[in-house]
Structure formats: structure tokens, C-alpha cells
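Reader: I would like to learn how to read a model of this kind. Please take me through it one feature at a time.

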Amino acid sequence: MNKTDLVNELATKMRIPQYQSRQFVNAFQEVLAETLKQDAIVLQGFGSFEPWKQSMRQGRNPRTGVPCVINARTSVKFKPGKFLLEALNPQSK
């Protein structure tokens, strides 16, 4: 599912116009990005998003095999919540 599919699905489920659904998705992305710059986000039952620092490390170009340095950066880890895991794995109850 891509962003357009998500917007369409939300609009259908919420019975709202697609432009409102798109506004919601865009606002949600902005809030996630701004909040993750400072803190973790926990959506009870769904999961948590946590920023984490990746340190600078040695890598290599997979095409040429030439060694290179991969700069440090901040990334995001997602840990699924209990209800999301149960929805994805109903047979494991």
C-alpha cells in the first residue's frame, strides 16, 4: 500500500472526501517527523516509534566493491504493539 492507497482507504472508511484524508495523512507525517526529532512516540496497542542514532561506520559500494564511509545519522525504529501483533497473527492466540 502506498500513500495514495492509504488516503483512498481512509477516505472510504471515514466517509470523508479524499482531500481531507490527504490533509490528515500529511499532518500525521509532519507531527511524527517533528516529534521524533525530540522524543519517542507511543501509540498504545499499535506500536512505538523511537529515534536512534546510527554511528559512522565503514561500508562498501556493492556495485564496485570500493570501501567508503557511511556518515552518522538518526533513523527510526518501530516496535509493534500487542494488538497489532495479534491482528497480524490471529492463529497464535
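Reader: Does R15 count as buried or exposed?

Author: Burial is judged by relative accessible area: buried is under 20%, exposed is over 50%, and partly exposed is in between, with a 1.4 Å probe and protein chains only. R15 has 78% relative accessibility, so R15 counts as exposed. R15 sits in the loop between α1 and α2. Its phi is near 55°, a positive value in a residue other than glycine.

Reader: What should I know about the source of the model and its numbering?

Author: This is a predicted model, in which local features need pLDDT of at least 70 and side-chain atom pairs count only at pLDDT 80 or more, while totals for chains, interfaces and linings use all residues. Residues are numbered from 1 along each chain as its sequence is written, and side-chain values use heavy atoms, with hydrogens and water left out.

Reader: How many helices and strands does the protein chain have, and in what order do the elements run?

Author: Helices (H or I, at least four residues) and strands (E, at least two) are DSSP runs, numbered from the N terminus. The protein chain has 3 helices and 5 strands. Read from the N terminus, the order is α-α-β-β-β-β-β-α. The radius of gyration, taken over C-alpha atoms, is 18 Å, well over the 12 Å of the globule rule for 93 residues, so the chain is more spread out than a compact globule. That rule is 2.2 Å times the number of residues to the power 0.38. Along the principal axes, the C-alpha atoms fill a box of roughly 55 × 40 × 30 Å. Of the 93 residues, 16% count as buried.

Reader: At what angle do α1 and α2 pack?

Author: Axes are lines fitted to C-alpha atoms, for helices over the stretch in contact, and angles run from 0 to 180 degrees between N-to-C directions. Helix α1 (residues 3–14) and helix α2 (residues 18–36) pack at about 120°, and their axes are 8 Å apart. The two helices are therefore oblique to each other; under 35 degrees is roughly parallel, over 145 roughly antiparallel, 65 to 115 roughly perpendicular, and the rest oblique.

Reader: Which residues of α1 and α2 meet?

Author: Contact means heavy atoms within 4.5 Å. From α1, K3, L6, V7, N8, L10 and A11 meet Q18, S21, R22, F24, V25, N26 and Q29 of α2. These residues divide into 6 nonpolar, 5 polar and 2 charged. Here Ala, Val, Leu, Ile, Met, Phe, Trp, Tyr, Cys and Pro count as nonpolar, Asp, Glu, Lys and Arg as charged, and the others, Gly among them, as polar.

Reader: How far apart are F78 and S48 in sequence and in space?

Author: F78 and S48 are 30 residues apart in sequence and 5.6 Å apart in space, C-alpha to C-alpha. S48 is in strand β2 (residues 47–54), and F78 is in strand β5 (residues 73–80). S48 counts as buried, at 12% relative accessibility, whereas F78 is partly exposed at 37%. Leaving aside neighbours within four places in sequence, F78 is in contact with F46, G47, S48, F49 and L84.

Reader: Which residues is Q58 in contact with, leaving aside its neighbours within four places in sequence?

Author: Q58, in strand β3 (residues 57–60), is in contact with C68 and V69 on that basis. Q58 is exposed, with a relative accessible area of 61%.
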